[in-house]
Amino acid sequence: MQHWKTSNGLPPPQGLYDPTHEHDACGIGFVASIRGEKSHKIIEQGIQVLINLTHRGACGCDPETGDGAGVLIQIPHKFFARECEALGFSLPQPGEYAVGMTFLPVEKHPRLNCEGVLERIVREEGLSVLGWRDTPVNGDAIGRVGRASQPYIQQIFLGRPAEMDEDAFERKLYIVRKRAEKEVAESEIEDKEFFYVPSLSARTIVYKGLLLAPQIANFYGELSDPDAESALCLVHQRFSTNTFPSWKLAHPYRYVAHNGEINTLKGNVAWMHARQSILASPLFGDDIKNLFPIVEPAGSDSASFDNAVELLFQSGRSLPHVMSMLIPEAWAGNPHMKPEKRAFYEYHCSLMEPWDGPAAITFTDGRVIGATLDRNGLRPGRYVVTDDDLVVMASEAGVLSVPPEKIKSKGRLQPGKMFLVDTVEGRIIADKEIKKRLSSRQPYAEWLKENQITLDQLPEPTRMHAADHATILSRQRAFGYTDEDLKMIIEPMATKGEEPVGSMGTDTPLACLSDKPQPLFNYFKQLFAQVTNPPIDPIREEMVMSLISYIGTERNILDETPENCHTLKLPHPILTNRDLEKLRRVSRGDLLAITLPALFRAADGEAGLRSALDELSKRASLAVKSGYTLLILSDRGVDKDYAPIPSLLALAAVHNLLVREETRTLVALIIESGEPREVMHFALLIGYGASAINPYLAIETLEDLAARSYLPGQMTPDVAIKHFIKAVNKGLLKTFSKMGISTLQSYRGAQVFEAIGLNKDLVNTYFSGTTSRIGGVGLNVLAREAQLKHEFAFRAVTDADTELAVGGSYHFRVNGEYHLLNPLTISKLQHSVREQNFKTFQEYTELIDSQSQNLATLRSLIKIKKARKPVAIEQVEPAKEIVKRFTTGAMSFGSISKEAHETLAIAMNRIGGKSNTGEGGEDEERYQKDANGDWRRSAIKQVASARFGVTTNYLVNADELQIKMAQGAKPGEGGQLPGHKVDEIIARLRHSIPGVGLISPPPHHDIYSIEDLAQLIYDLKNTNPQARISVKLVSEIGVGTVAAGVAKAHADVVLISGDSGGTGASPLSSIKHAGIPWELGLAETQQVLLMNDLRSRIRVQTDGKLQTGRDVVIAALLGAEEFGFATTPLVAMGCIMLRKCHLNTCSVGIATQDPELRKKFAGKPEHVINYFFFIAEQVRQYMADLGFRRFDEMVGRVDMLDVQPAIDHWKARGVDLSAILYNPPLPGRVARHCVQAQDHGLANALDHQLIARATAALENREPVEMNFPIRNVHRTVGAMLSGEIARRYGSDGLPDDTIRINFEGSAGQSFGAFLAKGVTLTLEGDANDYAGKGLSGGKIVVYPPKQSHFAAEENILIGNVSLYGATSGEAFFNGMAGERFAVRNSGATAVVEGVGDHGCEYMTNGLVVVLGACGRNFAAGMSGGIAYVFDERGDFTEERCNLASVDLEPVIEPRDVELVHGLVSRHFELTGSKRAKCILDTWADILPRFIKIFPHEFKRVLGVSRTRQPYVPGQPLPVPELVEALHG
Amino acid sequence: MGKASGFMEHSRETATRRPVTERVNDWFEIYQDFPEEKLRTQGARCMDCGVPFCHTGCPVNNLIPDWNDLVYHGRWKEALRQLHSTNNFPEFTGRICPAPCEAACVLGINEPAVTIKQIEKSIVERGWGEGLIRPEPPKFRSGKKVAIVGSGPAGLAAAQQLNRAGHWVTVYEKADRIGGLLRYGIPEFKMEKRIVDRRLEQMEAEGVKFVTNAHVGHSIPVEDLQREFDAILLAGGAEAPRDLNVPGRELRGLHFAMDFLPQANKRCQGDMLDSSLDILATGKSVIIIGGGDTGADCLGTVHRQRPISVHQFEIMPMPPAERASQTPWPLWPMQLRVEGAHEEGGIREWGVATTKFTGDANGNVKQLHGIKVGPPPKFEPREGTSS
């Protein structure tokens, strides 16, 4: 694979693969002596930590080669002094010399060249070279792939000139390294890509490489040398989605190691680059130019982050200061934060945007060492401090065994907080103290007060644009408004203050294939987070989100002056006409605005547009030079001659020119445009750099609608506009959060979009950095589209036209946009399956497939070749085999009716395909076959973010377990089932309460990164080893890379969903604008898996409006071996695309729970079966023509596809599908479909021993008890045993306490996951993340070792996300839990002594007692169950609880009191908790400080459900019963 | 948009027909007014389908869901505009269209369809009633001249559109009045001719010129038109009747519908006819051959002329009362229809093929001979029946 290598060790872009989408996530940790005492032991312990984190890393096709590991230590002076002496040169005192770790070309000649360059630069910078040391390494210690790309590793020793102080020396070293990097990169030296300097410092040294953790000490022998001593050791184990050899991308970098992902990287890097022109520092003087580019090109997100850290650190800020600047706490939404601290953050936010994304960062400069978490706290970090002043911090607890009696304290990293050890001061510095120190560095608050401006402070404008009702229609037409825009977008937003919702996905053409003129916005698709980082819930976790932005001239970020915060602060980016006029006339300080026209002469077409863009850019450039700081790009003034330049294009043109001229950061770009009207439009404008937007025509439209009394309830225009802006803002937050981005500031310019159908010229000129993989239209088409709208606008109005174009992109209209599912295709399909008429079916597929008149999909541009030697159709695999590859989509019972759901299941079971439960659980009565032999059980059981109904019994009754990472209609979003839809059956299946609303969180709270996914796969595989595990992804750029990660995480199947599918309710902007067609995602997946040689061990499935045999064949040739269908089977059963699924009014009884409407369901299994057999028959015909006898032969044969010739469509002719049809050049032995099973690593599971010892219980229900030691490498303990129980005894399990297992030690992740009833796990020690995940009736008791001295209630005992999705059972934790305790609990009872942020989030049932401190945002989205909190500090109501959905009440009702007392007593009995004892002893005094957290909805339905029987016998739910008892 | 649950709350209701005993004594339209409140409720039954099949069932692609919703919200003016955007003469179609939209209505799958036709008619009638339908002369003239030959619905629609686009339009009609079938084919009780007249008034005010008694190619040479106009549009109707070639066809008393119906309409317009040419059912025994719409029009006309008896023979077998399985939704259903005329009397016979006519010595038809036949396409004689 040598020929693939580029400068960062990854292959160059090819086909649909692009190395910029590689992701990694990992295990991190450090060991340090607080007093700074150097010893060899620290290094040993560090390496031990690394080894114990091995399971967080991954291996690719070569099991001996990991994704990278490394350690960072202080310069081991004693060792080097000895070694150098032997090499013939001596080292001065520590601090007086530096060591450079260098990776060099293996070949001697180029190596010497590189060394020469480095030496020369060293001398030029006034330093001396003391000598080189050939670093001894043992190549046999690492894997084949690692060895193949191994660089030559040398250390260079540099002397510090006497007059230079240590900090100046470090700065010099920084310059040396940057210069050398640049010079080598620009040189002609052969193999120069090997050159890399992991570290060059007088304080620290980095040892890293493409290795597995256990290999590092053998590879770098000197790490084992007793003379190698350090007071700190920072370690990192990498799990990357790729398996391409890269030594450089291993961590640690020079200052940090990172676990997570920077979602806003593109923007951050771009802004850093843009700022270079104004960077200045007296510490560097002119040398600063040598540091450019600050961010090394082609680095990973972590590498880029490290670059930014280095710059800010070297220019004089302390590391904690730098960290707080780059990854600030969530301050904007926290009213309780101290004003000085808020001011500190606000000041720095006006300097630069946060680097946003899930991040646990460990950092060190060799003196301080610490760790910090991003505002969301989505990565784990646990630490222990011992009584001999050793600190061990890592992603997991228990990575280093420390005798319990030596432990002084245990803790965890908290969101936005810093954990810092200062080895010079010899102490741990608390977050509070760090932040206090930072906040008091400067009078930030005063600076802000004096320099920052808000809109309120600006004078009222004298004049504003008023609505012009006479011309509004022509202007709406000129901007392409349709009837639907008004009716389905603008009006609902104004009415309800939120984005409108639709259903059934989309089936209209891509913008680049549509005959209708499109807004430029429609050529872009939103990116979203899946697997490698989590989306955020912008509603329930609003506190981390922010729309605040600062506009004005950016200043030198290396400076810290009052002027730096001279900005205009906007609470959100949408400007009313009044706001805009204020800005237009602003004259405060440096702020000065100019309005630049963004119009072009319509008659001049492309040439006119091009020259208008040039003119606009020139004017902008001139305006900047003249000192204007706010450029308002305005398309007001459209008339019969002038058409608007698409607003995004105008913005991009100006932005690009200013970036080139390096003046971009001097100005803010403000858009005054009639064009933006829906959320996607605003998101795009911001994503490409706009600071604020005045959507004047949308505003005028609202005024006009109000004037024509089109708005309900005589709504005034002001209210309507307010609502509209609110809806846009909510939508923006949702859009950001899909990508895991929290703040507008970070989103601005981050370009988290993919272009579909724009040609290279256009993208390179105006949208550089944006991916556009299939070519497409250029400026000429954009001009033509603008012209078409303009012609329509200024043509004489006759009655033949509706006022606006009908649109028809959401709902079918004859003169509107084309739809694949139209009256003709729907009726033909229905007629064919009902009458079992293949001929009619062929008429249907003919309509879909021959899209020559109506191009709609990418596959409509693809042609299937004919084989030279066709085979007779009789020789082709029979249809009954082919249909086994078909599945139906994940539609929950809840989204569709029982009748529809069961009909699909019966049909699929009859033909040997697979139906899917969707996310709502499944009625256990369906697990048994019916008397007639039909089986209503869904073969695929979905595991989605809310874990509704995911019990152990559910998991074992499956052939496939599907982890839904995203869904095509709304990737990156959660969902909500309103209370009125939760009837008794749905509530029973979802383990919730009838009438109580249910929320699905956007992320799986146990999957924030790829190694977390590996963990969930492991959990599920343990619970049901027979089921295959599938991971559902949605197509977007980079999905192939994620799929490679999924393969490495040991999934058996990966499903690539297209964007167009989707049957459920979703915001319209998500249906239309998020995700991309499956053709692209599937082809990319196939290509990347092949390039990694991972395709052989995973099956690939695809779905997304597959409709015909041709669709299936194209998907197969592109690499899929299985196929999902949802919309068309529904249509076969009678769905007529009413698109009212979200309203519960489906008139054919499919997508409804209304009993009356359900009676109208007329679908039959036969309809579905006919459909699938028709498809299979068509597939067979194609196979015969292609010459394939077996389906497997066809998979991945992309060479049998070609582009459809003779497509002469004014837009489509620019589309280039060669990237989709790319066939990576690989030898034949690299399998193109799945030929081998994954090794899930179950063989070593501790559960095998548990099961063996529990035979008597499993077979005869006899009680058993056993004892085991446990370590963090023992993961998912109890799940396999529980699966065995469920398989034998169903959800009833065994009698309580039948199997008692006692552990001692630190348990790994997912301790007690899916624990079944009858099992009790008792753990003396501590546990990691996900303890009690999916608890299904079992009991978990955890307490600290008896001999430990620390106060249990103040120390962390279990990790994050405990009891996630628990449905029943009990847990008692004698200590604190991390973030998101009992998230989505729907039935378990738990007692804990403290919780982190977001406790009891989304809880729908169950009971939680917290006997200590709570983090913030407790009870967010909690709709059912009850929590009781002992509010010791008295700050719960004010600062800790999210009151949006719960009431807080005192605990006074006797039954409440009795319940809490009983649970605390049991807690004491089971754990021996001192705190429990203390509470019980002083019960009467303490009781008034207990608070009862009672969700509104639960309260409401309790009033009702007492009078009826909500629960079916045999399905006991412990908590409601308790509550029932309580309220009697 | 719309009321999502409207169809679940309200059942279908349409305007009722006037009592038979009353209406057979006059020539006025048979439907009674439909109250606005009820109409809006009917509009609320529209489900605002994602794929509105009605909208393609409709040959002129009426934006049905859109105006249903507007009616539900009481926005008559906007509804009228939207209705006119696809249809020049909703007052005609709202009366005489067989409403394939309703046959394709999604609600019709398992419930009575939305009363689309009623709503269409009501929107436009309200428009006339409130004076919203006014002449809309073009803002500028192209200077081009267009001749349209034929003044039936197609010719009139073309005339209105071309005129509004700024061309000078002249319509030539061979009959004595403008309207074609609208004028002389549709009986008065289905559509009163004032309905046509008021539309013609509007068109004249917009600038369309009408020339009657102008049989192009006969009384007016084509060359004249070619000389005078930039474009000529041929919008003549299909006037050749389908004959029945059986023995006795030549007997007196056998008439084509299109000889019979125009007379009735002319009488209603107050024309004095040559009584020797009268075709009247008064005091006669009448057989109508053909069970379709034209048959029904004749039937209603015959009733109003007080015959002794009326029979209507249809060669096809009696269709099922509900949608036939070979014409599943959303196709135009084969099913038994009971029009207003059928309510008014007469005997319908199915599967009857006429074999010959016999008459008296004076050559007046006296008897119709027919046989019972089986279904198409063969129409095999059923055993046991004979002429």
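**Reading strands, cores and helices**

Author: Let's begin with one pair of residues: Val1392(A) has Val1410(A), in β52(A), as its bridge partner. This is a predicted model, where local features need pLDDT of at least 70, side-chain atom pairs count only at pLDDT 80 or more, and totals for chains, interfaces and linings use all residues. Residues are numbered from 1 along each chain as its sequence is written, chains are lettered from A and ligands numbered from 1 in the order in which they are written, and side-chain values use heavy atoms, with hydrogens and water left out.

Reader: What makes two strands a pair?

Author: Two strands pair if DSSP finds at least two bridges between them; helices (H or I, at least four residues) and strands (E, at least two) are DSSP runs, numbered from the N terminus. Here β51 (residues 1386-1392) and β52 (residues 1404-1410) of chain A pair in the parallel sense over five bridges.

Reader: In which order do the strands of the open sheet run?

Author: Ten strands of chain A follow the order β44-β45-β46-β47-β49-β51-β52-β53-β55-β54, with mixed pairing. β44 (1264-1270) and β54 (1446-1450) of chain A each have a single partner strand, so they stand at the edges with one side lacking a neighbour in the sheet. From one strand to the next, the twist averages 15 degrees.

Reader: Is β51(A) mostly covered or uncovered?

Author: Mostly covered: seven of its seven residues are buried, meaning under 20% relative accessible area with a 1.4 Å probe, protein chains only (exposed is over 50%, partly exposed in between).

Reader: Which residues touch the most other members of the largest nonpolar core?

Author: In soluble globular proteins, nonpolar side chains tend to be buried together. A nonpolar core is a set of buried Ala, Val, Leu, Ile, Met, Phe, Trp, Tyr and Cys residues joined through side-chain atoms within 4.5 Å. Among the 322 residues of the largest one, Phe524(A), Phe886(A) and Leu1033(A) touch the most other members. Helix α37 (residues 1165-1186) of chain A supplies its largest share, eleven residues. Another core, of 62 residues, lies apart from it and includes Leu1363(A) and Phe1436(A).

Reader: How do I describe two packed helices?

Author: Use the angle between their axes and the distance between the axes. Axes are lines fitted to C-alpha atoms, for helices over the stretch in contact (heavy atoms within 4.5 Å), and angles run from 0 to 180 degrees between N-to-C directions. The axes of α10 (residues 339-351) and α12 (residues 444-451) of chain A come within 8 Å and cross at roughly 55 degrees.
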